[in-house]
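User: Hi! I'm new to this one, could you walk me through it?
Analyst: Happy to, let's look at it together.

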Amino acid sequence: MEHEEYVTARHARLVEHAIELGWPEADAPALVAEVLEAQRSEIARSDDPDPAVREALARRVLGKPEPRNRPWTLIAVVTVVVLALGLVWAWQQQPPTLVPSVFAHDADTATRTLEDAGYRVRVETVDACEPRGLALSSEPAAGSEHGRGEEVLLRSAIPAGPACLAIYGFRSDAWEFVAFARGGAAPPFARQVRVYVDGVLAARLTDDAASDRASWDAALAPLEEVASRLAPTSTGMPRIVVDSLVPPPSRCGVDTPASLVDRIALRVSVDPSPDGGDAPCPVTADLYTDDLNRIEAVALHTDPSDATAPR
């Protein structure tokens with residue numbers, strides 16, 4: 001509102017208001033003129049400045065100090081922004097960390113693992129003869145130094161092509177057991193499961209007990225360890241080798257249990273050796289199933305002498 005327009009319209013009433021508040025009548029016009037001049041900017045930016053002007057006049061008459069402009073809200077906002085910028089800066093100054101392995105993880109679990117390590121994750125699907133959604137690799141590879149907050153590309157599998165049909169079931173079952181060794185969901189087990197470690201019967205488990213990872217005690221520890229290990233490969237992770245066969249009578253100096261001789265097994269080996277090489281005796285699990293494709297015996301072969309791969 002125009003200052004002069006407001007003064008013309010309201011001056012007389014404001015003088016009366018000052019007198020009503022107790023200001024001497026002879027001095028009231030001068031007081032009102034002073035208050036109106038002090039409120040010039042408020043009058044100019046308001047469509048109805050009357051309440052603000054009356055409040056200012058009342059403060060002068062009653063001897064109350066003018067309210068100070070205490071920018072607590074602004075101070076709080078600035079403080080939060082500064083703290084946030086400081087946290088971002090501190091985060092960025094942290095040394096690079098190693099990209100974790102996502103071996104035997106599905107894409108969802110792998111994404112959580114990478115995000116928990118401080119990375120942003122972008123998922124890309126790739127045609128592969130592997131279970132749908134299996135984490136195949138990351139870029140940068142597992143074990144690489146990478147700054148927190150940076151992006152990691154996660155590649156996950158989409159089964160494609162008729163050539164996959166012949167091996168898809170075997171590889172799916174193999175990955176399921178390795179994932180179980182790493183803490184994932186249990187594969188289907190028979191009502192009774194025999195567990196052999198390096199040719200020796202280590203446990204007899206019911207199906208419920210077998211489905212509980214804790215029931216296996218240390219039996220799965222070698223498989224879990226090698227599956228979790230960083231490896232000198234292009235992905236930074238070990239390789240999985242899967243075959244359906246009748247295991248030979250002896251492997252790496254360990255005899256096949258007599259009750260399992262001449263039976264077909266799904267052999268799952270986790271090989272941490274460099275690209276182009278093969279471990280002579282990788283950690284292996286031979287899985288024997290019943291007619292319903294439930295695991296009823298597991299023959300684990302460990303290789304304590306294999307310490308060549310980085311951890």
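Analyst: One term to begin with: helices (H or I, at least four residues) and strands (E, at least two) are DSSP runs, numbered from the N terminus. This is a predicted model, where local features need pLDDT of at least 70 and side-chain atom pairs count only at pLDDT 80 or more, while totals for chains, interfaces and linings use all residues. Residues are numbered from 1 along each chain as its sequence is written, and side-chain values use heavy atoms, with hydrogens and water left out.

User: Thanks! How many helices and strands are in the protein?
Analyst: The protein has nine helices and 13 strands.

User: And where is C252?
Analyst: C252 sits in the loop that runs between strand 9 (250–251) and strand 10 (254–255). Its phi is near 50 degrees, which is a positive value in a residue other than glycine.

User: Is C252 buried, exposed or partly exposed?
Analyst: C252 is partly exposed, with a relative accessible area of 42%. The cut-offs are under 20% relative accessible area for buried, over 50% for exposed and partly exposed in between, with a 1.4 Å probe and protein chains only.

User: Which other residue has a positive phi although it is not a glycine?
Analyst: D217 has a positive phi of about 50 degrees. You'll find D217 in the loop between helix 8 (207–210) and helix 9 (221–228). With 63% relative accessibility, D217 counts as exposed.

User: Where is there a cis peptide bond?
Analyst: Look at the step from E139 to P140: that peptide bond is cis, with omega near 5 degrees. P140 belongs to the loop between strand 3 (135–139) and strand 4 (145–146). For background, most peptide bonds are trans.

User: Switching topic: how much of the protein counts as buried?
Analyst: Of the 311 residues of the protein, 39% count as buried.

User: Which residues touch the most other members of the largest nonpolar core?
Analyst: F103, F177 and W216 do, in a core of 46 residues. Helix 7 (residues 165–181) contributes the most to this core, with seven residues. By a nonpolar core I mean a set of buried Ala, Val, Leu, Ile, Met, Phe, Trp, Tyr and Cys residues joined through side-chain atoms within 4.5 Å.

User: What does W216 touch?
Analyst: Not counting residues up to four places away in sequence, W216 touches F177, F180, F189, V195, L205, A209, A210 and V298. Contact here means heavy atoms within 4.5 Å. Another core, of 14 residues, lies apart from that one, and Y6, A18, V32 and I43 are among its members.

User: Y6 and V32, which residues do they sit with in helix 1 and helix 2?
Analyst: In helix 1, Y6 is joined by H3, V7, H11, L14, V15, A18 and I19, and these meet A28, P29, L31, V32, L36 and E37 in helix 2.

User: At what angle do helix 1 and helix 2 pack?
Analyst: Helix 1 (residues 3–20) and helix 2 (residues 28–38) pack at about 135 degrees, and their axes are 9 Å apart. Axes are lines fitted to C-alpha atoms, for helices over the stretch in contact, and angles run from 0 to 180 degrees between N-to-C directions.

User: How do helix 2 and helix 4 cross?
Analyst: Their axes come within 10 Å and cross at roughly 125 degrees, helix 4 being residues 50–62. From helix 2, L31, V32, E34, V35 and L36 meet V53, A56, L57, R60 and V61 of helix 4.

User: What about helix 1 and helix 4?
Analyst: Helix 1 and helix 4 pack at an angle of about 35 degrees, with axes 11 Å apart. On the helix 1 side are Y6, R10, R13, L14, H17 and A18, while helix 4 brings D50, V53, R54, L57 and V61.

User: Last one: where is A104 found, and which residues is it in contact with?
Analyst: A104 is in the loop between strand 1 (97–98) and helix 6 (107–116). A104 is buried, at 9% relative accessible area. Leaving aside neighbours within four places in sequence, A104 contacts L134, W175, V178, A179 and R182. A104 and L134 are 30 residues apart in sequence, yet 7.1 Å apart in space from C-alpha to C-alpha. For the protein as a whole, 62% of contacts between residues at least 6 apart in sequence join residues at least 24 apart.
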